[in-house]
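Student: I have a model open and want to learn how to read its contacts. Where do we begin?

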Protein chains: 2
Amino acid sequence: VTALAQRLIERKRDGGRIEPGEWRALTNAYAAGHVPDYQMAAFLMAAYIRGLDRAETSSLTDAMLSTGAHLSLEHLGIGRVDKHSTGGVGDKVSLVLAPLVASLGVAVPMMSGRGLGHTGGTLDKLESIPGFRTTLSLADATRQIERIGCAMLGQSAEIAPADRKMYALRDATSTVESIPLIAASIMSKKLAEGLSGLVLDVKRGSGAFLPELDRGLELARTMIDLGVDRGCAVVALITAMDRPLGRACGNALEVEEAIHTLRGEGPPDVLGVVYALGAEMLVLGGAAPSLDAARRAMEVAVSSGKAARKFEEIIDAQGGNAAVVDDPSVLPQAGACELFLAPRAGVVACVEPRAVGRGVTALGGGRTRIEDSVDPSVGFVITAKPGDVVQNGEPLATVFARDRAGIDAGLTTLRRAIAIADEAEPPLPLISHRVTSAGVTPFEHA
Amino acid sequence: VTALAQRLIERKRDGGRIEPGEWRALTNAYAAGHVPDYQMAAFLMAAYIRGLDRAETSSLTDAMLSTGAHLSLEHLGIGRVDKHSTGGVGDKVSLVLAPLVASLGVAVPMMSGRGLGHTGGTLDKLESIPGFRTTLSLADATRQIERIGCAMLGQSAEIAPADRKMYALRDATSTVESIPLIAASIMSKKLAEGLSGLVLDVKRGSGAFLPELDRGLELARTMIDLGVDRGCAVVALITAMDRPLGRACGNALEVEEAIHTLRGEGPPDVLGVVYALGAEMLVLGGAAPSLDAARRAMEVAVSSGKAARKFEEIIDAQGGNAAVVDDPSVLPQAGACELFLAPRAGVVACVEPRAVGRGVTALGGGRTRIEDSVDPSVGFVITAKPGDVVQNGEPLATVFARDRAGIDAGLTTLRRAIAIADEAEPPLPLISHRVTSAGVTPFEHA
């Protein structure tokens, strides 16, 4: 096995191709502990620098998928669709989309991660709802989806264990930002959900994992190819992450904003992204004949309260206090809050998402290490958006913190993150491109 | 420390430069166990693929050198010169050179390694002399060099421990054949000998570590640069390893051939390489005014028995049976031997050194793993050389083995290694180039 690993390291080092059976053998041997971390680290660095072609990326995805368990949901007889985002600051879209799309007859088996670095995680947000459990077994998740069409759970150790081990190693060896490795990692987990369709939210801009548009498009195309090869239709939208999405940044604050959005009262940018991604999910899931029809159906589900009722069902099924949907004050409340006022008149030139995301972590609301615990109550609500004209002393944001020291730290964060100038470049369009297996087109509002 | 490692991995991955202080920090942290193997493996693969420039190679050499102890021999007041070979089959040159050069007034602090893979190691050869100890402390080696001008010892754990650890990792992660990494590894050990001069024997041809001439020249130039920057003059000769050097291949058999050579009775190719390298050592060590004068001095030391007497002194000082110099039959003798006869008439087209080297290992005379023990008595004496015209049934070689099964295995090795044809390409010139800090010139026989 060590000799096999050595041969494959050497070949990838010299720019050669790894065959499907070799990917399987290497992945299984690594998952089983027969190939040591140091050999896999050398291999991953060679793969990072030399790249993987489409067939190799596909073989790696299959190999990682086959090391673990997966959901089987074909017997439901309805579309099974999830959404994946490359991660951003203030991105509470999953919390809205899952109940909204499930309320319209598409099964949503949603497995999510925890926050790390400057971006938050859906699991942390959900767990700010008192009692909410995200650790469901695959059997429990299946039963819940059979009953109410949706489950929102953490990725268990049963799913793609080779990917879990390999991702931790990549994180420690600066081999994360490789498009084929990212695509294979995400798709091996998403395909384990037994999906018939997947919608990708690929962020671009300074707060995105891959800030450059061309890299985001390449990731989208790679993941679309992987899905198509396995009978899972994939559509990607390119969305803006040069500023936080919506106003709330912080776990409980984002849950509250998600609930407002489910009632149609959310910030326009959150609603815009939710409707655009949701329409794709409903069409892929066979629950709407067109994007326009899907959008109209969602508007009705929101205005009628049907989407909000579905969120209550999900929260209730997972042990949480469903009263939160009518009364968000049951969420944990911060000990102190204070307004942040514009230090001068002008135009908001920038709300830097990485600075805001790191600011949430500094307040105790995020992780720098995976084992850190998270304070759900802290964060920011930033009402100012790039391009807004503001007066000196006008409130731009609110800091929510544990105590006075936290308030001061939060205000410092906002002073650095929010730039006011005489003039400002226009921000990125909220949604700029739509990518399918047929190609890339500019996004057009439905 | 882990964050530092991660930053340096990332920079080298993207083709950037590592600064001197960073090389030091990384090397020290790795030697101390603060940087895990998997991070170093990723770094080494990035370094392998992206390369190191001259300043980086130099910084890495210094960093590894400074993790360990070194010999201090300046107080001797004479030149201190060693030879390093990139490794070959039948290469017993060190056994001849050390006593020969030491007998002419240059100190030779010779640290060597063990055989691994298809090439033999000087330590294994010396240890076939009954009683010979190669594990000397640096203090013992210093006292012996003060007294008799030479010590032949193993590289102790005190010398460049970071290199030792890094080399084992490179061996397991297919990152060995990188010229800057090789050069830094060799020079960090050689410079620890406290040398004023170093002569390199860079092999080329099918049996060499780097078979291609241009890669050998690049390695030579890299090592010359490293030496020059530290006040250690370096000269390299490019020598042939498209066939074994001399006739004997196997530990005790090579000691016997080395003793014959010390008396002027060795094979012409061994004598040719010994005199060429020895002349460079004597000039670098200030013991001869020119290469011609050095060569004449060596011829006298050989014919007078002075060189052989120096070998006796060394053997005696290190606990060995010095009678071996007058009577090689005190060496371990193989249980069985048999001639190998030419299977047809023709011209010897090839004596494949890798096949011969692996054949020695198969007889028990070499290692496939570092912990294997070695049978000193087995091996081959191959009298046929490429270009020789031979008759059908003419003896070409002798197999020395433990038993009948070994004899059969050895004969099979020779049938594969020795090719007889109607015509043959000329072999590589024994010594083709001389490389100094001034450049490369064709080698001219003195």
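Tutor: We begin with how elements are named. Helices and strands are DSSP runs, numbered from the N terminus. The model is predicted.

Student: In which loop is B:Ser174 found?

Tutor: B:Ser174 sits in the loop between H8 and helix H9 (179–191) of chain B.

Student: Is B:Ser174 buried or exposed?

Tutor: Buried means under 20% relative accessible area. B:Ser174 has 5%, so it counts as buried.

Student: Which residues does B:Ser174 touch, leaving out those up to four places away in sequence?

Tutor: Two chains contribute. From chain A come A:Gln6, A:Ile9, A:Glu10 and A:Arg13. From chain B come B:Met45 and B:Tyr48. Take B:Met45: 129 residues separate it from B:Ser174 in sequence, yet the C-alpha atoms are 8.2 Å apart in space. The side chain of B:Ser174 also reaches across to chain A, where the backbone oxygen of A:Gln6 lies at 3.0 Å.

Student: Now the interface. How is its size expressed?

Tutor: The size of an interface is often given as the accessible area lost when the parts come together. Here, chain B and chain A bury about 1800 Å² between them. Carbon and sulfur atoms account for 63% of that. On the chain B side, B:Arg13, B:Tyr38 and B:Ile49 supply 33% of the area buried against chain A, more than any other three residues.

Student: How many residues are in contact?

Tutor: There are 22 from chain B and 21 from chain A.

Student: How many residue pairs are in polar contact between the two chains?

Tutor: The count is 10, with both residues at pLDDT 80 or more. Now look at which elements of chain B are involved. H3(B) gives the largest share, 10 residues. By class, this side of chain B has 10 nonpolar, five polar and seven charged residues.

Student: What can charged side chains do?

Tutor: Side chains of opposite charge can pair when their charged atoms come close. Across the interface of chain B and chain A, the rule finds two salt bridges. One of them joins A:Arg13 and B:Glu177, at 3.7 Å from N to O.

Student: How many salt bridges does the structure hold over all chains?

Tutor: The total is 58. Take A:Glu22 and A:Arg11, whose closest N and O atoms are 2.8 Å apart. A:Glu22 lies in helix H2 (residues 20–31) and A:Arg11 in helix H1 (residues 2–13) of chain A, so the pair ties together parts 11 residues apart in sequence. A:Glu22 is buried at 18% relative accessible area, while A:Arg11 is partly exposed at 27%.

Student: Which helices does the pair A:Glu254 and A:Lys125 tie together?

Tutor: The two side chains meet at 2.9 Å, N to O. A:Glu254 belongs to helix H11 (residues 251–262) and A:Lys125 to helix H6 (residues 122–126) of chain A, so this bridge links parts 129 residues apart in sequence. A:Glu254 and A:Lys125 are both buried.

Student: And in chain B, how far apart are the closest N and O atoms of B:Asp124 and B:Arg367?

Tutor: They are 2.6 Å apart, in a salt bridge. B:Asp124 lies in helix H6 (residues 122–126) of chain B, and B:Arg367 in the loop between helix H15 (353–365) and strand E9 (379–382), so the pair ties together parts 243 residues apart in sequence. B:Asp124 is buried at 8% relative accessible area, and B:Arg367 is buried at 7%.

Student: Which residues are joined into one network by salt bridges that share partners?

Tutor: They are A:Arg263, A:Arg309, A:Glu312 and A:Asp326.

Technical notes
Residues numbered from 1 in each chain as written. Chains lettered and ligands numbered in written order. Predicted model: local features only at pLDDT ≥ 70, side-chain atom pairs only at ≥ 80, totals over all residues. Heavy atoms only, no water. Contact = heavy atoms within 4.5 Å. Buried area = accessible area lost by both parts, 1.4 Å probe. Salt bridge = Lys/Arg side-chain N within 4 Å of Asp/Glu carboxyl O. Polar contact = N/O pair within 3.5 Å; in protein donor to acceptor, adjacent residues only side chain to side chain. Helix = DSSP H or I, 4+ residues; strand = E, 2+ residues; numbered from the N terminus. Nonpolar A, V, L, I, M, F, W, Y, C, P; charged D, E, K, R; others polar. Buried < 20%, exposed > 50% of the residue type's maximum accessible area, 1.4 Å probe, protein only.
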